[in-house]
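Good morning, colleagues. Please turn to the display.

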Amino acid sequence: MLSNYIDLEKGILENYTENVIRRASDMLNFYQDNEALEKMIKNGNPTIYEVYAVTHEGGGELSYAITILHPGKVGNEYFMTKGHYHEKRDRGELYIGLKGNGLLLMQKGEEIRWIEMERGKIVYVPPYFAHRSINTGNGNFVFLAIYPGDAGHDYGSIAEKGFAKIVIEENGNYAVKDNPRW
Ligand code: M6P
Ligand code: ZN
């Protein structure tokens, strides 16, 4: 497929070839406050984020995906994606903000960076950096990601202890804090 459409208002990608819906129950152990997460699961198990992708898996090819990250918090921690390294670590990625506000957290070894995202902003994730998105706003945070077809997703170490920083709400604003489990 050589061309496609995104509904920029709703963040809906047409003709996607893969999609993933992650609910609260898919995020066990990713947030600090497991009790708050358990409660949320019992209370309707809401969708945290949805990914719609067009994938081309060969080396040298490009895949792309729209992520719709819903607004909300688990305890005082904002809704976020799981976050991943690329299986092929030397593959980079481009993120383009389409709607709402968020952060893109990136980490390589002990080096950690976070960049605010908004509509029209382009952020480059260099090779070797794990990346996670966080919705710090009140509405959906929607972005487009473009990545090498053979990059792959490695959730392993992040599922175990996360990133070196967590993003919480403090006095109505976001605050980036040290991850106590790191
Ligand atoms: C972006 C891309 C996808 C990724 C998605 C959700 O759209 O980076 O490759 O799958 O975000 O992130 P995660 O896979 O970490 O849950
Ligand atoms: Zn990626």
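Predicted model: local features only at pLDDT ≥ 70, side-chain atom pairs only at ≥ 80, totals over all residues.

Let me begin with a definition: a residue counts as buried under 20% relative accessible area, as exposed over 50%, and as partly exposed in between. Glu170, at 36% relative accessibility, is therefore partly exposed.

The side chain of Glu170 meets that of Lys177 in a salt bridge, at 3.1 Å from N to O. Lys177 is likewise partly exposed, at 32%.

A second salt bridge joins Asp178 and Lys165, with 2.6 Å from N to O. Because Asp178 lies in strand E15 and Lys165 in strand E14, this pair ties together parts 13 residues apart in sequence. Asp178 is exposed at 55%, whereas Lys165 is buried at 18%.

In the whole structure, eight salt bridges are found. One of them pairs Asp150 with Arg91, whose closest N and O atoms are 2.6 Å apart. Here distant parts of the chain are linked: Asp150 sits in the loop between E13 and helix H2, and Arg91 in the loop between strands E7 and E8, 59 residues apart. Asp150 is buried, at 17%, while Arg91 is partly exposed, at 23%. Through shared partners, salt bridges join Asp90, Arg91 and Asp150 into one network.

Finally, which residues does Pro148 touch? Leaving aside residues up to four places away in sequence, they are Glu61, Leu62, Ser63, Arg91 and Gly92. Pro148 belongs to strand E13 and is buried, with a relative accessible area of 18%.

Technical notes
Residues numbered from 1 in each chain as written. Chains lettered and ligands numbered in written order. Heavy atoms only, no water. Helix = DSSP H or I, 4+ residues; strand = E, 2+ residues; numbered from the N terminus. Buried < 20%, exposed > 50% of the residue type's maximum accessible area, 1.4 Å probe, protein only. Contact = heavy atoms within 4.5 Å. Salt bridge = Lys/Arg side-chain N within 4 Å of Asp/Glu carboxyl O.
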